[in-house]
Amino acid sequence: MYPGMMPGGVFAAEEYTHAVQLFSQISRLNRVFLHMRPKPPLRRGELAVLGAVEHMTAHGEGAVSMSKLAGQMGLSLPAISQKVAELEKLGLAQRVMSEEDRRVVQVTLTAGGKKTAEDSLREMMARTENALARFGDEKTGALLALLADLNAAMDETPEKSSP
C-alpha cells in the first residue's frame, strides 16, 4: 500500500475504493513490465528509447528529432542525448543532421537497432499473449473493451482535486 491508503488516510474514503484498487493493480502490472529486462549490454532506459524511435520511424518518419523524441518520452533533452549516445556506442542508433535545418539533430536506428527493437518487442508481446491466453478470448476481449472504456472516460472526465 502507498502512504495515505491506510484506514483513515487520504485515500481511505469510501468514494475512492475502486480508484485505489485500480491504481494498485496498474502498479503491479507496471512492475511486471519494468522487470522485463533487455539482453545485456542494453538497459531498460535505452530499450525504451530504442522502441520509441522504432515506433516513431515506423509510422512515416525516416528520422526523429531529438527534441521530438524527448517530448514523446517525457524526458529532458540531456537525458535523451545520453541514452542515444549509449545506443550509438552499441551500434544501434546514429545521429544525423536534418537536411532541412542543420541545427536539428535527428536519430535513426541502424539495422542492428531495428532488429534489437523488434526482437525485444516480440519477446514482450509473447509474454503478454501467454498471460492473456489464460483468460480465453471472451475475457480478454472484455478486459480490452473495459480498458478502452476507462481510457475514454478518463479523457472525458475534467480534472479536479476532490470527488
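How many of the residues in the protein are buried? Buried residues make up 21% of the 163 residues, where buried means under 20% relative accessible area, exposed means over 50%, and partly exposed lies in between, with a 1.4 Å probe and protein chains only. This is a predicted model in which local features need pLDDT of at least 70 and side-chain atom pairs count only at pLDDT 80 or more, while totals for chains, interfaces and linings use all residues. Residues are numbered from 1 along each chain as its sequence is written, and side-chain values use heavy atoms, with hydrogens and water left out.

**Whole chain**

Show the protein as a cartoon. It has six helices and three strands, and from the N terminus on they run α-α-β-α-α-β-β-α-α. Helices (H or I, at least four residues) and strands (E, at least two) are DSSP runs, numbered from the N terminus. Of the contacts between residues at least 6 apart in sequence, 44% join residues at least 24 apart; contact means heavy atoms within 4.5 Å.

**H2 and H3**

Select residues 44-58, helix H2, and residues 66-73, helix H3. Their axes come within 11 Å and cross at roughly 110°. Axes are lines fitted to C-alpha atoms, for helices over the stretch in contact, and angles run from 0 to 180 degrees between N-to-C directions. H2 and H3 are therefore roughly perpendicular to each other; angles of 65 to 115 degrees count as roughly perpendicular, under 35 as roughly parallel, over 145 as roughly antiparallel and the rest as oblique.

Show the side chains of Ala48, Val49, Ala52, Val53 and Met56 in H2, and of Lys68, Leu69, Gln72 and Met73 in H3, which make the contact. By class, the contact has seven nonpolar, one polar and one charged residues. Here Ala, Val, Leu, Ile, Met, Phe, Trp, Tyr, Cys and Pro count as nonpolar, Asp, Glu, Lys and Arg as charged, and the others, Gly among them, as polar.

**The two sides of H3**

Stay on H3 and colour Met66, Leu69 and Ala70, which are buried. They cover an arc of only 100° around the axis, which puts them on the same side of H3; the arc is that of the directions from the helix axis to the C-beta atoms. What covers these buried residues includes H2, strand E1 (64-65), helix H4 (77-89), strand E2 (93-97) and strand E3 (105-109). On the face turned away from the buried side, select the exposed residues Ser67, Gly71 and Gln72. Gly74 follows H3 and has a positive phi, near 70°.

**H2 and H4**

Gly45, Glu46, Val49 and Leu50 in H2 meet Ile80, Lys83, Val84, Glu86 and Leu87 in H4. This contact has five nonpolar, one polar and three charged residues.

**H2 and H5**

Next select residues 111-133, helix H5, which packs with H2 at about 105°, the axes being 9 Å apart. Leu47, Leu50 and Glu54 of H2 make the contact with Gly113, Thr116, Ala117, Glu118 and Ser120 of H5. By class there are three nonpolar, three polar and two charged residues.

**Arg127**

Finish on Arg127, in helix H5. Is Arg127 buried or partly exposed? At 45% relative accessibility, Arg127 counts as partly exposed. Arg127 touches Val32 and Met36, not counting residues up to four places away in sequence. Phe33 is 94 residues from Arg127 along the chain, and their C-alpha atoms are separated by 10.0 Å.
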